[in-house]
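Subject: Structure for you to look at

Hello,

Here is the structure I said I would pass on. Please open it first, then read the notes below beside it.

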Amino acid sequence: MGGQPLFLEPRLESRLRSLLNVPGLLHTLTEALGSPLNVVLPDQLADNLQQFRSVYGSHHLSGQVYFAHKANRSSALLRRLAATDAGVDVASLGELQHALGAGFTPGRITATGPKNPEFLWLAARTSVTVSLDTRGELEQLATLVRKHALPRTRILLRLSGFEASGVRVLSRRSRFGTDVGELEPLLEAVERHGDVADLVGVAYHLDTTSLTEKATALEGCLRVLEECRSRGLRPRAVDIGGGFGINYLADAGQWNRYTTQLTEAVLGTRPPLTYGGHGYGLRSEAGTLRGTLGLYPAHRPVAGARYLDELLAHPAASLGGRPLAAQLLEHLYDLHTEPGRALLDQCGLTLTRVLEVRDQETGGPLAVRLAAKAGDVALEEHGVLMDPVVLPRDPTGRTAAAGADTGREPVTVHLFGNLCLESDLITRRTVFLPRRPEPGDLLAFANTAGYCMDFHATRAQHQPVARKVAAWQEGDAWRWCLDDQYWPTTPVGGAQ
Amino acid sequence: MRYDSITEAIGNTPLVRIDPAVHGLRHIDLYAKLELLNPFGSVKDRAAWNMARPHLAAAAGEGGQVVELSSGNTAKALAVLAGMHGLTFKSVTNRMRIPEIKDLLLLLGAEIEELPGQSECLDPTVTDDPLTQFHRALSEPGSTFLHTDQYFNPRNTEAHFTGTGPEIVKDLDGRAPDWFIACVGTAGSSTGVARALREHDPAVRVAGLVAAKSDFIPGIRTIDEAHEVGLFDPGTYDTIEAVGADEAIEGMLTLNRRCGILAGPTGGAAYFGAVRQLRPIDEELAERDDEEGAERQSAVFIVCDRVESYLSYVRQRRPDLFGRPRRRNSPADLSDAEVRTAPAIGVADAQKWIATGEPLVVDLRSPYAYAALHIDGSVNIVDELFEELLHGGLPFSRSRPVLLACPVGEKSARHAALLTRMGHPDVRSLTGGVIAWRDAGAPLVRD
Ligand SMILES: Cc1ncc(COP(=O)(O)O)c(C=O)c1O
């Protein structure tokens with residue numbers, strides 16, 4: 001490969017680092033429960049919630065933090081959250097049932113996303129707040145409520161297509177939400193169905209990392225709420241969705257070096273950094289770089305609660321320039337957020353066992369085959385580039401077996417999955433590891449709880465889908481149980 | 001100097017020697033090419049004019065629009081040139097992070113479209129990213145866009161090959177400098193000047209400056225971004241070095257304060273990068289000087305534009321440069337104890353007081369929030385304005401009781417404490433603010 005190893009070391013905060021410091025436990029767990037294995041850390045979720053709460057607090061804002069359930073299907077995480085004062089955002093009938101079963105009372109649940117009649121019925125039946133995507137959905141809800149004599153339902157209107165005054169911010173088109181241009185007929189429908197639907201506010205969820213776009217949308221929501229008030233409606237909340245992001249990497253320098261080397265590899269001025277010369281969306285045309293880098297910005301100094309803080313500090317240009325937080329507060333509005341990924345920061349890891357380590361061409365990357373398929377650790381699917389942590393099976397006696405000094409030098413590897421498919425690569429990146437792994441070692445993919453852990457895992461291939469355990473600390477010791485067995489009483493009560 | 005059109009004032013900018021006492025180089029004469037003195041304010045005037053000139057008349061006949069992907073200076077020049085020729089101008093960019101430049105462009109009649117940020121949930125299959133859409137719209141049959149295409153248009157480089165470069169040689173009495181240092185944005189100025197200088201003397205050494213990857217310097221690209229520029233060829237430069245935002249601002253301050261050159265951050269980056277590049281060379285020359293006698297070298301860097309547009313950029317990074325003297329009667333002077341013990345009144349008592357004592361109710365929130373809902377009969381004085389008023393003294397008579405209201409009772413407590421300190425006998429803060437008022441079910445009106 002030449003040159004320095006291009007490590008992309010994961011950011012490990014104290015709880016996750018502490019768990020990785022007990023490799024014996026992690027080996028025992030995978031021996032008992034198989035590879036791959038997902039481990040979730042419910043207590044971390046509660047800590048992350050506190051970070052969001054403290055941003056609310058510093059801006060004097062009230063309102064709810066709704067965990068976006070879609071980001072992880074774990075029961076342990078959901079139940080731990082039910083033991084806090086957070087809410088949950090559910091996007092399917094199954095998620096709603098799961099949330100109710102985990103102990104979330106309806107006042108702490110919002111239903112978002114595309115809805116089928118069953119989902120809509122159960123939401124209205126149990127009096128959870130429904131975020132409506134379209135006028136059609138409102139009509140559908142009103143019909144259901146009338147026909148089945150359900151209670152008056154609290155609704156939010158999810159909007160999209162906000163435009164800034166002065167500068168037009170081109171926004172990625174969203175399939176979801178009603179275009180603000182269609183507000184008039186939507187509000188007329190809200191008024192018409194006032195007997196069955198109670199408008200509590202408006203919402204948006206923009207799939208973008210850009211603060212300006214979100215600020216534009218939030219400002220747009222404030223104007224819509226003013227319009228609602230002038231019509232005599234009594235809304236009191238803005239729901240700004242999720243998308244606050246995670247900072248995955250420990251070191252900005254590693255990320256900057258890696259991405260620069262990747263562009264040079266694409267331009268052909270250094271050897272490839274990926275399997276088959278894949279360019280992650282970049283290509284070279286006559287020596288000029290074209291295309292866009294299709295990668296998650298893995299090093300993001302402003303992510304999670306800090307991102308929310310910056311958004312709230314953003315000036316609302318069309319409303320006199322005071323910060324958005326001040327606007328929300330002064331207008332007496334509650335702020336709702338729906339962080340998914342960001343609330344799951346540092347909340348889990350995926351363990352995979354090394355099945356085979358094969359030398360390919362001399363000096364070339366090693367082929368490492370793992371007991372897991374790409375969908376089990378969907379880093380690639382989400383464009384997250386991050387090194388796994390090697391947990392040797394036998395941390396002491398390895399060199400004797402491997403001979404000479406192998407296993408002490410950094411190596412480059414390609415990580416293959418266990419499917420009989422050319423395309424089953426855990427990551428297409430050529431990964432640098434601090435030492436040569438051996439069969440039986442574990443590769444731990446850290447910080448996978450947000451989407452990467454089980455969002456893409458299926459049983460279709462007759463390979464085992466990862467089982468999941470919840471782990472927590474009691475004093476100095478790590479304790480665990482199966483995800484399904486976890487209740488917030490477990491750590492103190494001792495279901496073990 | 002008498003001209004028929006402002007466009008004739010483009011180019012022929014001065015080359016000014018930087019005082020050696022400032023940069024400390026003893027064997028190298030360092031010159032600044034003052035592109036900030038172009039009529040629209042930057043080095044981009046040359047490229048914009050050279051790219052647009054051949055097409056303006058035709059485009060004007062068709063009622064077209066000039067479009068460019070530009071975050072600032074090129075857009076500024078093109079907006080003016082388009083306006084002068086009866087055309088409109090649109091800038092499409094995701095790099096325009098300088099509010100003053102945005103406002104100036106709007107003032108000049110430009111339309112600005114900002115590209116959206118990266119998707120948080122990655123979709124590797126997207127084909128309709130806005131940049132692709134932009135290019136697709138340009139190439140639609142019958143479109144009347146004049147796309148100057150500054151990152152790929154050879155007339156950008158040519159403007160500097162035929163203008164900026166030869167001007168430098170002329171002002172150095174027919175000699176090319178030993179060193180040429182320039183920031184890389186579109187690569188047009190560095191490439192064009194380098195080519196002209198080398199034609200004169202192939203030994204000229206050229207340093208390109210890019211922005212450090214984790215930093216943002218308006219107008220300069222990072223090394224990765226430079227690879228996206230069609231005019232950029234790494235072979236043009238003998239070295240490519242990165243400059244950080246703080247370094248650029250330091251360089252800028254030196255030019256501003258010690259040289260009287262009101263350069264912006266890119267000029268500062270070029271100066272900083274030049275001195276950093278030349279210092280070891282200067283030391284070598286000093287050693288050789290001791291042995292073989294004096295040999296002088298010369299170096300030129302480009303000052304792209306002016307400082308005025310970047311005040312908010314600098315303020316964000318260096319608030320220390322904007323320290324203002326402390327003012328009289330400021331809430332910041334209050335001790336925590338004073339704020340804690342500020343006279344206050346709860347919602348129920350406040351309602352009674354309003355009914356009987358007729359206090360002046362001052363709502364400190366923004367006019368937009370006030371207009372939406374407020375306590376009946378209150379007046380609205382935004383807290384920032386209120387603070388301004390207090391610097392001058394009490395804004396109302398001591399005989400009139402005052403009730404201050406803000407969202408949660410925090411700002412009003414500070415102001416109540418301050419008014420008390422200033423001698424007002426009967427001022428109170430509404431405990432819990434307008435939010436507590438609402439939560440208690442007390443009436444709020446919009447009139
Ligand atoms: C409506 C809504 N809320 C919240 C989220 C969660 O976003 P994230 O996990 O990026 O915080 C999503 C994600 O798709 C969403 O569609």
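An oxygen atom of the ligand lies 2.8 Å from a polar backbone atom of A:Gly340. The protein covers 91% of the 400 Å² of accessible area that the ligand has on its own. Please keep in mind that this is a predicted model.

The ligand sits between chains A and B. There are 13 residues around the ligand, and those that come nearest are A:Gly243, A:Glu338, A:Gly340, A:Arg341 and A:Tyr451. Sorted by class, this shell has 6 charged, 4 polar and 3 nonpolar residues. With A:Asp89 the side chain takes part: one of its N or O atoms is 3.4 Å from a nitrogen atom of the ligand.

Next, the salt bridges. Side chains of opposite charge can pair when their charged atoms come close. Over all chains, the structure holds 53 salt bridges. Three of them are described here.

In chain A, the side chains of A:Arg158 and A:Asp133 meet in a salt bridge, with 3.8 Å from N to O. A:Arg158 belongs to strand E6 (residues 153-160), while A:Asp133 is in the loop between strand E5 (129-132) and helix H7 (135-147), so that the pair links distant parts of the chain, 25 residues apart. A:Arg158 counts as buried because its relative accessibility is 10%, under the 20% cut-off. A:Asp133, at 6%, is buried too.

Another salt bridge joins the side chains of A:Arg322 and B:Asp383, at 2.7 Å from N to O. This pair crosses between chains: A:Arg322 is in the loop between helix H11 (305-313) and helix H12 (324-330) of chain A, and B:Asp383 is in helix H15 (residues 383-391) of chain B. A:Arg322 is buried at 6% relative accessibility, and B:Asp383 is buried at 4%.

In chain B, the side chains of B:Asp29 and B:Arg296 form a salt bridge of 3.0 Å, N to O. The two residues are 267 apart in the chain: B:Asp29 is in strand E2 (residues 28-34), and B:Arg296 is in the loop between helix H10 (265-292) and strand E10 (297-303).

Finally, salt bridges with shared partners join A:Arg322, A:Glu330, B:Asp383, B:Glu384 and B:Lys411 into one network.

Regards

Note on methods: Residues are numbered from 1 along each chain as its sequence is written. Chains are lettered from A and ligands numbered from 1 in the order in which they are written. This is a predicted model: local features need pLDDT of at least 70, side-chain atom pairs count only at pLDDT 80 or more; totals for chains, interfaces and linings use all residues. Side-chain values use heavy atoms; hydrogens and water are left out. A residue is near a molecule or strand if one of its heavy atoms lies within 4 Å of it. A polar contact is a pair of N or O atoms within 3.5 Å; within protein, one must be able to donate a hydrogen and the other to accept it, and residues adjacent in sequence count only if both atoms are side-chain atoms. Accessible areas come from the Shrake-Rupley method with a 1.4 Å probe; for residues, only the protein chains shown count as cover. Ala, Val, Leu, Ile, Met, Phe, Trp, Tyr, Cys and Pro count as nonpolar, Asp, Glu, Lys and Arg as charged, and the others, Gly among them, as polar. A salt bridge is a side-chain nitrogen of Lys or Arg within 4 Å of a carboxyl oxygen of Asp or Glu. Helices (H or I, at least four residues) and strands (E, at least two) are DSSP runs, numbered from the N terminus. Buried means under 20% relative accessible area, exposed over 50%, partly exposed in between (1.4 Å probe, protein chains only).
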